[in-house]
Amino acid sequence: MDIEELLRAAKQGDEEAFYALMSSQKERLYRIAYAYLRNEDDALEAIQETTYRAWKTFGRLREAKRFPTWVVRILLNCCNDEWKRRKRFAKSEPAADRIDDRAGAREHEWATRLQLDEAVARLEPKYKQLIVLKYFEDMTLTEIAETLERPLGTVKTWLHQALRSMRPLVEEEEGGR
């Protein structure tokens, strides 16, 4: 079955067709969720929530060709929800408990990766989504604009702003080492 046939069957309530659609996207969804949340359990939970939300709102999808971007958009919303939950939890947690275990890494490449991860983690959600999709998922700006349902010009501006706001964060981390 092609995606059109699977979508038709799924819209008629065929759970196996819906499962096949979601399965076709599972690796991509995992890469995005993991890059965004940086934790396997949270990534898998976000995918599970995405599947639930997609099934619940599946009737709203009109064009079959938009299924991949539609489901990624749902995933990004789930990841944002998880990120907000983490921020609320982190505020109530004593500062001593938030020490990063990874700070002891000695290798330059690993340290650089941590700096970038921390810089991405500190970005506003709209910028974080953009960086994850562009650099972790290797999507084009046009694909990102379609996924985020924003004009291409806005996506280009956000990318520039995201990179500009990451620069001092990475420099701050480098200065602290």
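Reader: How many aromatic pairs does the count come to?

Author: The count comes to 6 aromatic pairs. Rings of Phe, Tyr and Trp (its six-membered ring) pair if their centres lie within 6.5 Å; planes under 30 degrees apart count as stacked, over 60 as edge-to-face and the rest as tilted. One of them is Y30 with Y34, a stacked pair at 5.8 Å centre to centre and 25° between the planes. This is a predicted model, where local features need pLDDT of at least 70 and side-chain atom pairs count only at pLDDT 80 or more, while totals for chains, interfaces and linings use all residues. Residues are numbered from 1 along each chain as its sequence is written, and side-chain values use heavy atoms, with hydrogens and water left out.

Reader: Where do Y30 and Y34 lie?

Author: Both are in helix α2 (residues 15-37), 4 residues apart, about one turn of the helix. Helices here are DSSP runs (H or I, at least four residues), numbered from the N terminus.

Reader: And what about F67 and W70, what kind of pair are they?

Author: F67 and W70 are tilted, with 6.0 Å centre to centre and 40° between the planes.

Reader: Is F67 buried or exposed?

Author: F67 is buried, with a relative accessible area of 0%; buried means under 20%, exposed over 50%, partly exposed in between (1.4 Å probe, protein chains only). W70 counts as buried too, at 17%.

Reader: Which residues form one aromatic cluster?

Author: F18, W55, F58, F67 and W70.

How values were computed. Helices (H or I, at least four residues) and strands (E, at least two) are DSSP runs, numbered from the N terminus.
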